[in-house]
Amino acid sequence: MTEPSTFAQIVYAFFALLALGGAVGMVTRRSPVASLLYLVVTLFSLAALFLLLGAQFIAAVQIIVYAGAIMVLFLFVIMLLNLGHDVRSDLRGGIWILLAFLAGGGLWGLLFSSFGPELHLPNPGKVLLPAQAVQQTDVVSAIALPMMNEYVVAFELTAVLLLVAIVGAVLLAKRRA
Amino acid sequence: MLNQSLYLAAALFAIGVVGVLIRRNAIIVFMCVELMLNAVNLAFVALSNVMGIEGQVFVFFVMTVAAAEAAVGLAIIIAIFRHLESVDIENFNLLRW
């Protein structure tokens, strides 16, 4: 990957901070609807970060699937269950907060220390990098070709998974006759 | 931007873990799980620039699983809400020993 320009780095920092702010807002807001809107901010910022990292197709799918479909599903359920104006705090008290910050902080420290400035990645060998793949074909084919060749079994199983999810969701949410 | 992305992914994942542990509203717990999945997606995309295009293929699969999980999970929450008139996970004690 070539060195990004200063402008790209500024835009990156802006969206990274926006993503972090949205995540913190989601965890701390009382109202489920406000929480959800903060999560949408985070998901859109992540889509922008995907663009900056050179994953245009993933960025488009992120906006369509996450910020579009999944968030509308969440909002629909919140409205359906009429939780929108339930502003009673649902934060756990005492020992749970301590435990949560221990777990979160510990995980954060562990991940940070393992990344570090000199990242020890295993040698990937001979692989096709996204930039080369896009140059050879186009943005969509770069992902579609490996998906339809090496990962075609996983791709087909995904179809089964989605079918099971649809049937399961309908069965679970249906009123008992 | 690889290192910054990994730091950001770690921070978002940790915030998601904290959210799952301190909130009692089942829907918000679910949203925190989605945040953790997104943090992993960010790490996948960032690493795909040095480790090969497969990272972006896996992001696609993660998104599919997340969509299926959201659909089934929200259906379960609706079914539980019909029984208990609540989405507070303190009340979900049917499977507790």
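Helices and strands are taken here as DSSP runs, a helix being a run of H or I of at least four residues and a strand a run of E of at least two, numbered from the N terminus. On that basis, the secondary structure of chain B in this predicted model amounts to 3 helices and 0 strands, and the order along its sequence is α-α-α. The radius of gyration of chain B, 16 Å, is well over the 13 Å that the globule rule gives for 97 residues, so the chain is more spread out than a compact globule. Its C-alpha trace spans about 50 × 25 × 20 Å along the principal axes. Of the 97 residues in chain B, 59% count as buried, and among the contacts within the chain that have a separation of 6 or more, 50% are between residues 24 or more positions apart.

Chain A is likewise described by its helices, with 7 of them and 0 strands, which gives the pattern α-α-α-α-α-α-α when the chain is read along the sequence. For chain A the radius of gyration is 21 Å, whereas a compact globule of 177 residues would have a value near 16 Å. The C-alpha atoms fill a box of roughly 55 × 45 × 30 Å along the principal axes of chain A. Of the 177 residues of this chain, 24% count as buried, and 49% of the contacts between residues at least 6 apart in sequence join residues at least 24 apart.

Within chain A, the division into domains assigns residues 6-89 to domain 1 and residues 128-177 to domain 2. The C-alpha centres of these two domains of chain A lie 22 Å apart, and the contact between them involves 4 residues of domain 1 and 5 residues of domain 2. On the side of domain 1 of chain A that touches domain 2 of chain A, the residues divide by class into 2 nonpolar, 2 polar and no charged.

Following helix 2 of chain A comes A:Gly54, whose phi is positive, near 85°.

The two chains meet in an interface where 61 residues of chain B are in contact with 72 residues of chain A. On the chain B side, the elements that give two or more residues are helix 1 (2-22), helix 2 (26-51) and helix 3 (54-84) of chain B, and of these helix 3 of chain B supplies the largest share, with 22 residues. By class, the side of chain B that touches chain A consists of 45 nonpolar, 11 polar and 5 charged residues.

As for confidence, the model scores ipTM 0.91 and pTM 0.89. The mean pLDDT of chain B is 89, with 99% of its residues reaching 70 or more. In chain B, confidence is lowest in helix 3 of chain B, at a mean of 90, and highest in helix 2 of chain B, at 92. Helix 3 of chain B, with its mean of 90, is also the element that gives the largest share of the side of chain B that touches chain A.

Technical notes. Residues are numbered from 1 along each chain as its sequence is written. Chains are lettered from A and ligands numbered from 1 in the order in which they are written. This is a predicted model: local features need pLDDT of at least 70, side-chain atom pairs count only at pLDDT 80 or more; totals for chains, interfaces and linings use all residues. Two residues are in contact if their C-beta atoms, placed from the backbone, lie within 7 Å. Ala, Val, Leu, Ile, Met, Phe, Trp, Tyr, Cys and Pro count as nonpolar, Asp, Glu, Lys and Arg as charged, and the others, Gly among them, as polar. Domain bounds come from an automatic or database domain assignment. pLDDT is the predictor's confidence in each residue, from 0 to 100. The radius of gyration is taken over C-alpha atoms; the globule rule is 2.2 Å times the number of residues to the power 0.38. A residue is buried if 20 or more other C-beta atoms lie within 10 Å of its own, exposed if 12 or fewer, and partly exposed in between; C-beta atoms are placed from the backbone.
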